[in-house]
Amino acid sequence: MKDIAMTQMMTKEDVTAMILSAKKQAGLTWEEIADKIGMSPVWTHSAAMGMNAFPADKAKLMVSVMGLPQEAESVLAESPTKIWEQAVPTDPCIYRFYEIVGVYGPTLKALIQEKFGDGIMSAIDFDMTVTRVENPKGDRVKVEMSGKYLGYNSW
């Protein structure tokens, strides 16, 4: 009789758990993993968490770099279903981003619309970097986001 585990399909959650375990065992940073597959650390982490689909060549590299089973390659390349909880998270770092959007979201929207017109910043055609900026009063976190402007159509 076949082992039940062998007949079950591997999920994005399964692959994420394998990546996190392999990362910890190898002592790698997201920056090091990203360098090995030729992507940004922000995108690499997001895709590893199941929020983006790896292009086929990058999925193959990720499987090789992280020592994942071959079947993980197709899972990494699958389009994600982006469902997240609507409740505000309690993790202090993630909560602060909610706070930033809560406080500055209307300001960002107003400034984008003043400069570009009625539209939005894409989160699909998008990139982001996180850097450390030394400061005598305490190092700063610098988050830069760049998304394509998408104007609303009038029809």
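This is a short tour of a predicted model, stop by stop, with what to select and what is there.

Residues are numbered from 1 along each chain as its sequence is written. The model is predicted, so local features need pLDDT of at least 70 and side-chain atom pairs count only at pLDDT 80 or more, while totals for chains, interfaces and linings use all residues; side-chain values use heavy atoms, with hydrogens and water left out.

**Stop 1: phenylalanine 54**

Select Phe54. Phenylalanine 54 is buried, at a relative accessible area of 2%. Leaving out residues up to four places away in sequence, phenylalanine 54 touches Ile37, Trp43, Thr44, Ala47, Ala48, Ala59, Met62, Leu76 and Ala77. (Contact means heavy atoms within 4.5 Å.)

**Stop 2: the aromatic pairs**

How many aromatic pairs does the count come to? The count comes to two. (Rings of Phe, Tyr and Trp, the last by its six-membered ring, pair if their centres lie within 6.5 Å; planes under 30 degrees apart count as stacked, over 60 as edge-to-face and the rest as tilted.)

Tryptophan 43 and phenylalanine 54 make an edge-to-face pair, 5.1 Å centre to centre with 80° between the planes. Tryptophan 43 lies in helix 4 and phenylalanine 54 in the loop between helix 4 and helix 5, so the pair ties together parts that are 11 residues apart in sequence. (Helices, H or I of at least four residues, and strands, E of at least two, are DSSP runs numbered from the N terminus.)

Jump to Phe116 and Tyr149. The ring centres of phenylalanine 116 and tyrosine 149 are 5.0 Å apart and the planes are at 20°, so this pair is stacked. Phenylalanine 116 sits in helix 7 (residues 92-116) and tyrosine 149 in strand 2 (residues 140-151), so the pair ties together parts that are 33 residues apart in sequence. Colour both by accessibility. Phenylalanine 116 is exposed at 52%, and tyrosine 149 is partly exposed at 24%.

**Stop 3: the largest nonpolar core**

Select Val15, Ile19, Phe54, Met62, Met66, Leu68 and Leu76. Among the 18 residues of the largest nonpolar core, these touch the most other members. (A nonpolar core is a set of buried Ala, Val, Leu, Ile, Met, Phe, Trp, Tyr and Cys residues joined through side-chain atoms within 4.5 Å.) Helix 2, helix 3 (30-37), helix 4, helix 5 (56-66) and helix 6 each supply at least two residues of this core. The largest share, four residues, comes from helix 5.

**Stop 4: the cavity**

One cavity of 30 Å³ or more is counted. The largest cavity has a volume of about 40 Å³. (On a 1 Å grid over the protein atoms alone, a cavity is a set of points where a 1.4 Å probe fits but cannot get out; a pocket is an open set with protein on both sides within 12 Å along at least five of seven lines; lining residues have an atom within 4 Å of a point. Grid points are joined across faces, edges and corners, and a volume is the space filled by probe spheres set on the points.)

Select the lining: Lys12, Val15, Thr16, Ile19, Ala47, Ala48, Gly50, Val75 and Leu76. Which helix gives the most to this lining? Helix 2 does, with four residues.

**Stop 5: the largest pocket**

Move to the largest pocket, with about 2,700 Å³ of space. It has 50 lining residues, and Val42, Phe97, Phe126, Met128 and Met145 are the closest to its centre. Helix 3, helix 4, helix 7, strand 1 (119-133) and strand 2 each supply at least two lining residues. Helix 7 gives the most, with 14 residues.

**Stop 6: the second largest pocket**

This pocket holds about 210 Å³ of space. Select its lining: Lys12, Glu13, Thr16, Met49, Gly50, Met51, Glu78, Ser79, Pro80, Thr81 and Ile83.

**Stop 7: two single residues**

Select Lys36, in helix 3. Lysine 36 is partly exposed, at 47%. Beyond its neighbours within four places in sequence, lysine 36 is in contact with Leu28, Leu61 and Val65.

End on His45, in helix 4. Histidine 45 is partly exposed at 31% relative accessibility. Draw a line to Thr29: the C-alpha atoms of histidine 45 and threonine 29 are 10 Å apart, and the two residues are 16 residues apart along the chain.

Conventions: Buried < 20%, exposed > 50% of the residue type's maximum accessible area, 1.4 Å probe, protein only.
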